[in-house]
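Please open the model in your viewer and keep the sequence panel beside it.

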Amino acid sequence: VFRNSGLFRWLQEGIYFPDRKISVGDVEMPIVILGDPAYPLMPWLMKPYTGALDTEKELFNYHLSKGRMVVECAFGRLKGRWRSLLTRSDLSQTNIPIVIAACCVLHNLCESKRETFMAGWEVEANRLAADYAQPDTWAIRRSQRD
């Protein structure tokens, strides 16, 4: 699905982050997406090392995981605030990205204005999300192993 998406094409063609770099400490780095082991390793996508790891690779995986946890918490809050994102949508394929983008914009506004966020919302969202967990497919297991 990801490989066939517009986002993948934009990243692959260098359209999404054209020649942008950020400074991390005293190191200049390209902007990248953080992925889990199921994603392909690309110049614009960081993913954890798999297999037998030395201390340096384990440390890299730890820091990558910390970064991904920040993103996952942000998505948890987004889904907690906009529970319609947790269920099947009967919207047309044309309208679904518009609704998701609107939820993201409204969520960011709420976060920037420090609107109340009830911890129970995220707990409920996580409970509901577990009902729609991604399947444990052969392709995912193979990519994690390789």
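**A tour by selection**

Begin by selecting Phe117, which is buried, since its relative accessible area is 14% and the cut-off for buried is under 20%. Bear in mind throughout that this is a predicted model.

Next, select Arg81, which is found in helix H2, the stretch of residues 55–81. Is Arg81 buried or exposed? With a relative accessibility of 13%, Arg81 counts as buried. To see what surrounds Arg81, leave aside its neighbours within four places in sequence and display its contacts, which are His107, Cys110, Glu111, Glu115, Thr116, Phe117 and Trp121.

Now turn to the aromatic rings, where a search of the whole structure finds 8 aromatic pairs. Select Tyr16 and Phe17, whose ring centres lie 5.0 Å apart with the planes at 80°, so that the pair is edge-to-face. Of these two residues, Tyr16 counts as partly exposed at 42% relative accessibility, and Phe17 is also partly exposed, with a relative accessible area of 25%. Another pair is made by Phe117 and Trp121, which is edge-to-face as well, at 5.4 Å centre to centre and 80° between the planes. Within that pair, Phe117 is buried, whereas Trp121 is partly exposed, with a relative accessible area of 28%.

The next selection is Ser112, which belongs to helix H3, covering residues 96–112. Its relative accessibility of 52% makes Ser112 count as exposed, and the side chain of Ser112 reaches the backbone oxygen of Leu109 at 3.0 Å.

Finally, clear the selections and colour the whole protein by secondary structure, which comes to 5 helices and 4 strands. Reading along the sequence, you can follow these elements in the pattern α-β-β-β-β-α-α-α-α. If you then colour by burial, buried residues make up 16% of the 146 residues in the protein. With a surface drawn, the protein exposes about 11200 Å², of which carbon and sulfur atoms supply 58%. Among contacts with a separation of 6 or more, residues 24 or more positions apart account for 49%.

Definitions and conventions
Residues are numbered from 1 along each chain as its sequence is written. This is a predicted model: local features need pLDDT of at least 70, side-chain atom pairs count only at pLDDT 80 or more; totals for chains, interfaces and linings use all residues. Side-chain values use heavy atoms; hydrogens and water are left out. Helices (H or I, at least four residues) and strands (E, at least two) are DSSP runs, numbered from the N terminus. Buried means under 20% relative accessible area, exposed over 50%, partly exposed in between (1.4 Å probe, protein chains only). Contact means heavy atoms within 4.5 Å. Accessible areas come from the Shrake-Rupley method with a 1.4 Å probe; for residues, only the protein chains shown count as cover. A polar contact is a pair of N or O atoms within 3.5 Å; within protein, one must be able to donate a hydrogen and the other to accept it, and residues adjacent in sequence count only if both atoms are side-chain atoms. Rings of Phe, Tyr and Trp (its six-membered ring) pair if their centres lie within 6.5 Å; planes under 30 degrees apart count as stacked, over 60 as edge-to-face and the rest as tilted.
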